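I opened the model today and kept short notes as I went. Entries follow in the sequence I made them.

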Amino acid sequence: MPLQIVVSIVESGCFFGLLAAAMFVVRESAGFFNFAVGGYAVFAGLCAAYLAAEHGLPPLAGVLLGVLGAVVLALLTEALIVRPMWKPGTNEELPLVIALVASLFALEQLAGVLFGRAARPGPKLVGEGGFKLGSATVTAQAVLEVALTAVLFGLLVLWMYRSAMGRGLRAIGENTQAAIILGLPVRAVRIAAFTLAGLLAGLAGGVFAARSGVAFDSAMDYTLFGFLALVIGGTASMWGPLLGGLVLAAIQATAIFYFGAAALHYATLAAAILFFALRPQGIFMKRVRV
Amino acid sequence: MTGLARLGRLRPAAEPVLSLVVLLLAVAWVGTDGYRQDLAVLTVTYGLIGLGLYSHFIMGDSLSIAYNAYAAIGGYALGLVAARTGWPLLVSLPLGIVAATLIAVLLGSVTRHLSGFFLAAVTLLFGEAFQAWLVDADGITGGAAGVIVSRPVTVFGHELGRDEIVVLALVALWLVALLLSRLRRSPYGVALRAKGQAAVAVEAAGIPVTVLTLISLGIGGAIGSLAGAIFTAANLSILPESIPLSVAFLAVFIPFLGGRSSPWGVVIGALLVTELTFNLNFFQDSGTLLFAVAVVVVLIFAPEGLIGVGRDLLARVRRALPGGAGPAGDPDAATDRELERRPV
């Protein structure tokens, strides 16, 4: 396989990894998958692209505004949907999940209504430069994406394992009832987790949009791929989402390289069925399947 | 005993009669108006897909959502029989239903160990892969251009026009909703609903849960295929984009919007989704946005859907009436309500 494809796998893997990390922090703090993350990413990407194209804003300002919008949307999700509907310890999470899926749909449509339904090229944060790595070209955009992912994951790991709030988040994820009884600040931690989810998904959507553009109806794919990356990687380690993202990207890119564009969907389906059937705990073991 | 309570006793007979009256009114309202016919076809399509999901998702708690695939199978069966064979078009209906049922059961048995979002994710990916295959396999499906239904549907030599197809579509929706409402109260339906709440207990009671689930998935696939066949018969063509993946999403929301306690909730939800996405599209295609927001609002404030709101209002009226006792009237309905009272 050409080296260029490996570069592309790393780029896609970082993108999926960031989306999976956004789901991961919410799952650790509240025990459910936040399916709305794809909506945050699409909103941030389209917002940045729209502001740059229609209002002539500098790309960086557009991306920052988009990320801000994503964080606000994530906090709104927490306040308007999760707070009234979240009932820890019961088996009744279905309405909450459906509400989150509905909000994914609403966010996608909101982005479409606000910023237009046409696909847009993403805002270019860096120039066209790059360097040669063997036979492959690594663009400045790719360097930016990988560096951003590395920094974000580094900070996330530090925060999760070193800060009091990060430890609280993991404690709540391990045993919500006990955490509530011990008086851990469950709500504050959940707000922090949703802020982080908005930030991670927003940065992924805003920064990676320059790679292959952004369209309002990608939200569901983003959510699905992030979810799959999280399931493949497993939730036992903070690095799980990133590794899962890379594995998923590798499977998709290999399938497209050997079997053509339609194979993307076949390979993703096959990967999902295989992983769910054979290794439901993910690569980093911890119970994932409900 | 008040008149209302007496009405409650008549419920088994009231359901088909009342719904038949509504059906006749709907048929009369639609008439031969082309625009109203479009609305009716869309409502029937959404309604049937929602009813398909009702059979295994609302009753049995398996969130298998590849409905765009089942509907496409029904639609393509009609299109391909019209384009590639000389058979009467009615043959395509059982063909499509059998094919969709088989695929639903096959997908169900591959994913039988999954539940919740994991099942939803895999079936969603299946729906996406199927959509990609429809475009990809242009030798079979006509690719992105799709197939055109070039001949009219005939029944014993009589050609069905669009007017008749629309009436038949409404009748089909009524019939399927009625049958599902009956099925829901049958021993099978009770077992399926119990499985949705506590699968282990049902398995322990000697009912094979996997078979129970696969049957419900097969029923869903068959109804989904019927939806696609009706949609295609009314529109006379089928493309991969005719039935997009988002249809599956809308179908998941429909029962929550209308009310999960009865298949009629699906019909109400389908009416609403048609109204919101088609009729009220006044502001830049924002109908879908309105619909999604409406679903979220209903889920937060009225978890039992619009039927639940109506039932609460009715119960209040009953209590306010002198001598009107709550659920005393119909013992069957009372146990029914207990089963439905899921702590949401």
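**Entry 1: a helix pair in chain A.** I looked up where H1(A) meets H6(A). A:Arg27, A:Glu28 and A:Ser29 in H1(A) touch A:Leu169, A:Arg170, A:Ile172 and A:Gly173 in H6(A). I took contact as C-beta atoms, placed from the backbone, within 7 Å. By class I noted 2 nonpolar, 2 polar and 3 charged residues. The classes are: Ala, Val, Leu, Ile, Met, Phe, Trp, Tyr, Cys and Pro nonpolar; Asp, Glu, Lys and Arg charged; the others, Gly among them, polar. H1 spans residues 3-30 of chain A and H6 spans residues 164-174. Their axes cross at about 65° and lie 5 Å apart. Axes are lines fitted to C-alpha atoms, for helices over the stretch in contact, with angles from 0 to 180 degrees between N-to-C directions.

**Entry 2: ground rules.** This is a predicted model, where local features need pLDDT of at least 70, side-chain atom pairs count only at pLDDT 80 or more, and totals for chains, interfaces and linings use all residues. Residues are numbered from 1 along each chain as its sequence is written, while chains are lettered from A and ligands numbered from 1 in the order in which they are written.

**Entry 3: chain A overall.** I counted 11 helices and 2 strands. These are DSSP runs numbered from the N terminus: helices are H or I with at least four residues, strands are E with at least two. The order from the N terminus is α-α-α-α-β-β-α-α-α-α-α-α-α. The C-alpha atoms fill a box of roughly 55 × 45 × 35 Å along the principal axes. Of the 290 residues, 55% are buried. Buried means 20 or more other C-beta atoms within 10 Å of the residue's own, with C-beta atoms placed from the backbone; exposed means 12 or fewer, and partly exposed lies in between.

**Entry 4: the core.** Which residues have the most contacts inside the largest nonpolar core? They are A:Leu19, A:Tyr40, A:Ala197, A:Leu200 and B:Ala121, in a core of 213 residues. Helix H8 of chain A (residues 186-212) gives the most to this core, with 16 residues. Such a core joins buried Ala, Val, Leu, Ile, Met, Phe, Trp, Tyr and Cys residues through C-beta atoms within 7 Å. I then followed A:Leu19.

**Entry 5: chain B and the interface.** Chain B has 16 helices and 4 strands. Of its 344 residues, 48% are buried. The contact takes 34 residues from chain B and 31 from chain A. H6(B) gives the most to the chain B side, with 13 residues. That side divides into 26 nonpolar, 5 polar and 3 charged residues.

**Entry 6: H6(B) itself.** H6(B) covers residues 116-136. The expected span is 1.5 Å times one less than the number of residues. Of the 21 residues, 17 are buried, so H6(B) is largely enclosed by the rest of the structure.

**Entry 7: B:Ala100.** B:Ala100 sits in helix H5 (residues 92-110) of chain B. Buried or exposed, B:Ala100? B:Ala100 is buried, with 31 other C-beta atoms within 10 Å. B:Ala100 and B:Ile223 are 123 residues apart in sequence, yet 8.9 Å apart in space, C-alpha to C-alpha.

How values were computed. Two residues are in contact if their C-beta atoms, placed from the backbone, lie within 7 Å.
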